Amino acid sequence: MLKIKNLNVYYGGIHAVKDVSIHVPEGKIVTLIGANGAGKSSTIRAISGLLKHTSGEVVYNGAGNANLLKKTPEEIVRSGVVMCPEGRRILPHLTVEENLRLGAYIRTDKDGVEKDIDWVYELFPRLKERSWQKGGTLSGGEQQMLAVGRALMSRPNVIMLDEPSLGLAPLLVREVFDIIEEINAQGKTVLLVEQNAFAALKIAHYAYVLEVGAVSLEGPGQELLADPRVKEAYLGG
Ligand SMILES: Nc1ncnc2c1ncn2[C@@H]1O[C@H](COP(=O)(O)OP(=O)(O)OP(=O)(O)O)[C@@H](O)[C@H]1O
Ligand SMILES: [Mg+2]
């Protein structure tokens with residue numbers, strides 16, 4: 001579905017992503033784990049069309065094998081690939097529901113949008129309870145849920161999540177990961193960027209470890225969970 005081939009990202013003289021190749025098969029959860037600064041966000045920001053200095057190929061089957069690196073961010077969202085950015089970038093002065101509707105800005109199917117609002121509220125009953133609350137007054141965890149819900153409102157085939165568990169209490173991390181599994185069970189393909197390697201590997205069909213910009217290890221989530229190198233470096237020994 002999504003094939004990233006020899007992706008490179010540069011910021012001025014910094015070579016942040018080095019020949020990264022990742023395959024995200026349709027209907028699967030693929031995770032990208034790694035330490036701070038490993039290049040995880042840069043990778044999915046490049047796939048989203050947000051970075052200028054890139055090379056390589058991002059082939060997306062759903063859009064006639066086009067290289068996403070040559071498309072604009074809006075074209076990429078329209079083709080069905082959406083990112084939920086790091087750090088809960090919701091609009092604080094708009095209500096929960098207004099934030100969700102913004103996620104559907106590319107859509108013209110009004111009935112479909114209404115259905116999807118209901119669907120997001122089913123996934124996140126807390127958002128439904130707070131539909132009229134301003135985004136900025138939500139708790140951190142609720143804002144994270146809103147960010148995920150908003151990304152879903154574009155009706156993507158592939159959703160890329162940048163550290164959805166960042167800063168959440170353990171119980172809420174569990175809840176967010178359960179919802180990611182649920183979204184996947186309902187047919188969405190997921191590319192999950194995480195520092196919480198344990199939680200991510202547990203739900204991932206396949207995983208890649210990024211180290212200083214390059215893939216250092218890859219394999220099925222369960223295999224990497226048991227890998228001594230992963231245990232040592234990312235799971236606290
Ligand atoms: N706009 C930028 N200008 C210059 N350097 C950048 C920029 N954005 C990222 N970098 C650098 O690129 C490298 C990779 O950053 P990136 O944000 O992709 O890492 P990450 O794996 O997402 O880390 P984290 O887990 O901390 O979010 C880092 O060394 C970072 O300092
Ligand atoms: Mg990051």
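Predicted model: local features only at pLDDT ≥ 70, side-chain atom pairs only at ≥ 80, totals over all residues.
Residues are numbered from 1 along each chain as its sequence is written, chains are lettered from A and ligands numbered from 1 in the order in which they are written, and side-chain values use heavy atoms, with hydrogens and water left out.

Let's start with the metal. Ligand 2 is a magnesium ion, and Ser 41 (OG) and Glu 86 (OE) coordinate it at 2.0 to 2.3 Å. Donors here are N, O and S atoms within 2.8 Å of the metal (3.2 Å for Na, K and Ca), and since water is not among the atoms, sites may look incomplete. The two residues come from distant parts of the chain, 45 residues apart: Ser 41 sits in helix H1 (residues 40-47), while Glu 86 belongs to the loop between strand E6 (81-84) and helix H3 (96-103). Those labels come from DSSP runs, numbered from the N terminus, with helices (H or I) having at least four residues and strands (E) at least two. Ser 41 is buried, at a relative accessible area of 17%, whereas Glu 86 is partly exposed, at 30%. Buried means under 20% relative accessible area, exposed means over 50%, and partly exposed lies in between (1.4 Å probe, protein chains only).

Now for ligand 1. It has 14 residues around it, and the ones that come nearest are Asn 36, Gly 37, Lys 40, Ser 41 and Ser 42; a residue counts as near if one of its heavy atoms lies within 4 Å. H1 gives the largest share of this shell, with three residues. Strand E2 (14-24) and H1 each supply at least two. By type, the shell splits into five nonpolar, six polar and three charged residues. In that scheme Ala, Val, Leu, Ile, Met, Phe, Trp, Tyr, Cys and Pro are nonpolar, Asp, Glu, Lys and Arg are charged, and the others, Gly among them, are polar.

Several atom pairs stand out here. A polar side-chain atom of Ser 42 is 2.5 Å from an oxygen atom of ligand 1, and a backbone N or O atom of Gly 39 is 2.9 Å from one. Taken alone, ligand 1 exposes 640 Å², and the protein buries 61% of that. Such areas come from the Shrake-Rupley method with a 1.4 Å probe.

Next, follow the strands. Strand E7 (residues 158-162) is mostly covered, with five of its five residues buried. In a regular strand the side chains alternate between the two faces of the sheet. In E7, Val 158, Met 160 and Asp 162 are buried on one side, and Ile 159 and Leu 161 on the other. E6 runs parallel to E7, joined by four bridges, and Cys 84 stands opposite Leu 161. Two strands count as paired if DSSP finds at least two bridges between them.

E7 also runs parallel to strand E8 (residues 189-194), with five bridges. Here Ile 159 has Val 190 as its bridge partner, and Met 160 stands opposite Leu 191. Six of the six residues of E8 are buried, so E8 is largely enclosed by the rest of the structure. Strand E3 (residues 29-34) is joined to E8 by five bridges and runs parallel to it, with Thr 31 opposite Leu 192.

There is also an open sheet of four strands, paired antiparallel in the order E2-E1-E4-E5. E2 and strand E5 (66-67) are at the edges with a single partner strand each, so one side of each has no neighbour in the sheet. Strand E1 (residues 2-11) and E2 are antiparallel and share seven bridges; Leu 2, for instance, has Val 24 as its bridge partner.

Finally, two backbone angles. Most residues other than glycine have a negative phi. Asp 19, in strand E2, has a positive phi of about 50°, and Asp 19 is partly exposed at 48% relative accessibility. Val 212 has a positive phi of about 35°. You'll find Val 212 in the loop between strand E9 (206-211) and strand E10 (214-219), exposed at 65%.

Terms used: Polar contact = N/O pair within 3.5 Å; in protein donor to acceptor, adjacent residues only side chain to side chain.
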